[in-house]
Amino acid sequence: MKTVLYVLFYRNRPAVIALVLLLAVRFVQAAALARGALVIGETFGDAYAFCSGANMGAFVFTPLLVVAVMRPAAMMTGSHFAAWSGDRRCASLRCLGASLVFGLVASALLNHSAGVAIALAVSVQPDVFTLRCSFALQVAVCSITFMVYVNLLYAIGSPAIAFMGCVLYGLWDFMAQNVVGGGVPSVGWGLTVDFGGPAFKDVIFRFSLFGMAFVVLFLISFFSFQQ
Amino acid sequence: MRGVTKRIHGKTVLDGVTVEFPRGEISGVRGHNGSGKTMLLRAVAGLIRIDEGEVRVLGRDVARGDTFPESMGFLIEPMKLWDDLTGFQNLRMLASIRGAVGQDEIENALRRVGLDPEDKRRVKSYSLGMHQRLCIAQAIMERPAIILLDEPTNALDDVGRCSMRGLLLEEKRRGATIVIVSHDAAELDAVADYRFEMSEGAIRKEW
């Protein structure tokens, strides 16, 4: 765990830049909410969707997440990381651990900053269930973003293409919701926020969807390390 | 290595290579660019899956399983260094993965390659030669039984080359088995106990 945290966050300047940008975004959102920019901002769910909806996920959070993971991912896809890990399975499990830790930290930051921004701007009662569900679901989305980046970097070797792959993953839900005649299912940010407050069954369904995607990505990375 | 063959996109890069690098000695492999030298080291290190043959390191087959050879340090391809960290911090991060190397050993390795462990400069301000020294320090810091070096004197000045020879001889006296790959025959002649030549993916012993 100590190693994973060290690799992910120690002197990771891009991660610090991403964090500062996230706080700046939250500040702007809080200012907009306070000035009544949100017409339907009656409930906590609406305000939360304004701060962390699929559009924000697509155009702001996913690129910020990728900026934060670029350096640790570059290290994890190197042969020295694998060799120092002792064996290929160990290296791929460390990668899995890093993605989960990164997901937890990123999701906590995203949710807490959104909660604080809403609390500062509008006087609505926090919906603890929405917050908790969103936190848990965003752990999955952030971890999946990490795995997508690592897998693409491993397979293609180009940080630019890996970055674009993650951005496309982030954009998917935005496209699913906004492209006329799209009709494609959500697989990312679109599933993390529910305007009306998600039912427990619905959350389980979303988790299973993310779980399947995560397992597939882990298997891809596992077999990549095997090669 | 016995009958090791590796093909990449239909091209044979290692062609039935059979060779034994003697324990506790320095073996030098020379050859022109693209002759398969680096691929040979990658096969020994277990970094690639070979198509045919057998690679045994310290009695264990490394070509089939998931485990990399124990006690092995290598400099085969450019290390992914973190520019914002110092040389010491870079090595400490790698060492922290397995926890096998302590702070004293890292400092000692840095001193041996001519770098100052107390140097607060970040790696991004290092010269090419300092980069190379740091990578070599990474290869020796665990005091491994096997050391694989690909063009270790690249980017080193004359003083650096000279101290590198001394370092290799020290490692040999410690009992390490060292394989060096280089296109520079004179460089190999200065330190190697055995010399091999690679050409078109095949290897032969010169002396």
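This is a predicted model: local features need pLDDT of at least 70, side-chain atom pairs count only at pLDDT 80 or more; totals for chains, interfaces and linings use all residues.
**Stop 1: the cores.** Select Phe146(A) and Leu148(B). Within the largest nonpolar core, a set of 123 residues, these two have the most contacts. In soluble globular proteins, nonpolar side chains tend to be buried together.

Stay on Phe146(A) and show what surrounds it. Setting aside neighbours within four places in sequence, the residues in contact with Phe146(A) include Leu8(A), Val69(A) and Met76(A). Cys95(A), Ala98(A), Ser99(A) and Phe102(A) are also in contact with Phe146(A).

Next, select Leu33(A), Ala49(A), Cys51(A) and Ile118(A). They belong to a second, separate core, which has 13 residues.

**Stop 2: the interface.** Now show both chains. The contact draws 26 residues from chain A and 29 residues from chain B. Between them the chains bury about 2,800 Å², with 55% of that on carbon and sulfur atoms. On the chain B side, pick Asp66(B), Trp82(B) and Ile97(B): these lose the most area to chain A, together 26% of what that side buries.

**Stop 3: polar links.** Select Arg71(A) and Asp84(B). They form a salt bridge, and their closest N and O atoms are 3.5 Å apart. Polar contacts across the interface of chain B and chain A come to 6 residue pairs.

**Stop 4: helix α2 of chain B.** Select residues 87-98 of chain B. This helix gives the most to the side of chain B that touches chain A, contributing 8 residues. By class, that side of chain B holds 13 nonpolar, 10 charged and 6 polar residues.

Technical notes: Residues are numbered from 1 along each chain as its sequence is written. Chains are lettered from A and ligands numbered from 1 in the order in which they are written. Side-chain values use heavy atoms; hydrogens and water are left out. A nonpolar core is a set of buried Ala, Val, Leu, Ile, Met, Phe, Trp, Tyr and Cys residues joined through side-chain atoms within 4.5 Å. Buried means under 20% relative accessible area, exposed over 50%, partly exposed in between (1.4 Å probe, protein chains only). Contact means heavy atoms within 4.5 Å. Buried area is the accessible area (1.4 Å probe) that two parts lose on being put together, summed over both. A salt bridge is a side-chain nitrogen of Lys or Arg within 4 Å of a carboxyl oxygen of Asp or Glu. A polar contact is a pair of N or O atoms within 3.5 Å; within protein, one must be able to donate a hydrogen and the other to accept it, and residues adjacent in sequence count only if both atoms are side-chain atoms. Helices (H or I, at least four residues) and strands (E, at least two) are DSSP runs, numbered from the N terminus. Ala, Val, Leu, Ile, Met, Phe, Trp, Tyr, Cys and Pro count as nonpolar, Asp, Glu, Lys and Arg as charged, and the others, Gly among them, as polar.
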